[in-house]
Amino acid sequence: MEVIKRVANEVYFLLDPDKLWTRIDTIIGENFRAIKGGAFMLNETPLADASLVPFSNLNIDSKRMTFEAKVQKTDTFFEVDLSKNNAAPLIAEFIKKYNEDQLELSTEHFNSLQIKIEKKYLTIRIENIKKAGTNLDNKNWLIISFNRACNYVQIKEPAMPQKRFESIKSLMLDGLKLSVECNGRDVWAQENNSEEGYSYDWNLDVQPEFKDLITGLLNIGIQSQRRNYTG
């Protein structure tokens, strides 16, 4: 049996309850995907069109995850180091619970959500997909990013121009309410707009079975960036 060892240095979680392509994608050393009506499977081609294969014998402790799968027709034993990212064990336990409890992804909740947690950086993107379509004017999203270039918040509300702030005063989670407070001006505002600072709340609409995972990931991400808040 071939042995593959990975390290979960970064964690990525995507929840997309859109009816056109309902799925959950996760990356913790390896890429796993669950589509509507199915269990999590291993994606053996994450950089191309997804090729999903089942896995078995999933075991998790505080520092590692192991499982087996047939990849490219070869029986393979995987070992993933979970110790480098505090969010990695949460994802691993969620994958296990999702499959063991035979959970199913619903399209009755209307927030698409992406969370990426790296050693120094954090990205959160939430979009309301209730009124899905191609008309940008109707879109509603919130993007919060702490990255190599800068920290910023982008807010798009229906029938309103998009706002962007590049100084984040605070970021908090209370239950399912995510609140962000920004310093400075909207860098995309018209020159005659002198408004300083902005606060914005987003009430998450997510499947109840996923609440603990999502709030856990968000809290880990929020805590990881405390030194970067300008408040």
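Predicted model: local features only at pLDDT ≥ 70, side-chain atom pairs only at ≥ 80, totals over all residues.
Two packed helices are described by the angle between their axes and the distance between the axes. In the present model, helix α1, formed by residues 88-100, and helix α2, formed by residues 211-224, have axes that come within 10 Å and cross at roughly 170 degrees. Because angles over 145 degrees count as roughly antiparallel, α1 and α2 are assigned to that class and are therefore roughly antiparallel to each other. On the side of α1 the contact is made by Leu90, Ile91 and Phe94, and on the side of α2 by Leu213, Gly216, Leu217 and Ile220. When the residues of this contact are divided by class, six are nonpolar and one is polar, while none is charged.

Across the whole structure, a search finds twelve aromatic pairs. In one of them, the rings of phenylalanine 40 and phenylalanine 94 have centres 6.0 Å apart and planes at 80 degrees, so the pair is edge-to-face.

A search of the whole structure for cavities of 30 Å³ or more finds two. The largest cavity holds about 60 Å³ of space, and its lining consists of Lys163, Phe165, Arg185, Asp186, Ala189, Asn193, Glu195 and Tyr198. By class, this lining comprises four charged, three nonpolar and one polar residues. The second largest cavity, with a volume of about 40 Å³, is lined by Leu15, Pro17, Leu105, Ser106, His109, Asn111, Asp205, Val206, Gln207 and Phe210. In the lining of this second largest cavity, five residues are nonpolar, four are polar and one is charged.

Methods
Residues numbered from 1 in each chain as written. Heavy atoms only, no water. 1 Å grid on protein atoms, 1.4 Å probe; cavity = no way out; pocket = protein on both sides within 12 Å on 5 of 7 lines; lining within 4 Å. Points joined across faces, edges and corners; volume = space filled by probe spheres on them. Nonpolar A, V, L, I, M, F, W, Y, C, P; charged D, E, K, R; others polar. Axes fitted to C-alpha atoms, helices over the stretch in contact; angles between N-to-C directions. Helix = DSSP H or I, 4+ residues; strand = E, 2+ residues; numbered from the N terminus. Parallel < 35°, antiparallel > 145°, perpendicular 65-115°, else oblique. Contact = heavy atoms within 4.5 Å. Phe/Tyr/Trp six-rings, centres within 6.5 Å; stacked < 30°, edge-to-face > 60°.
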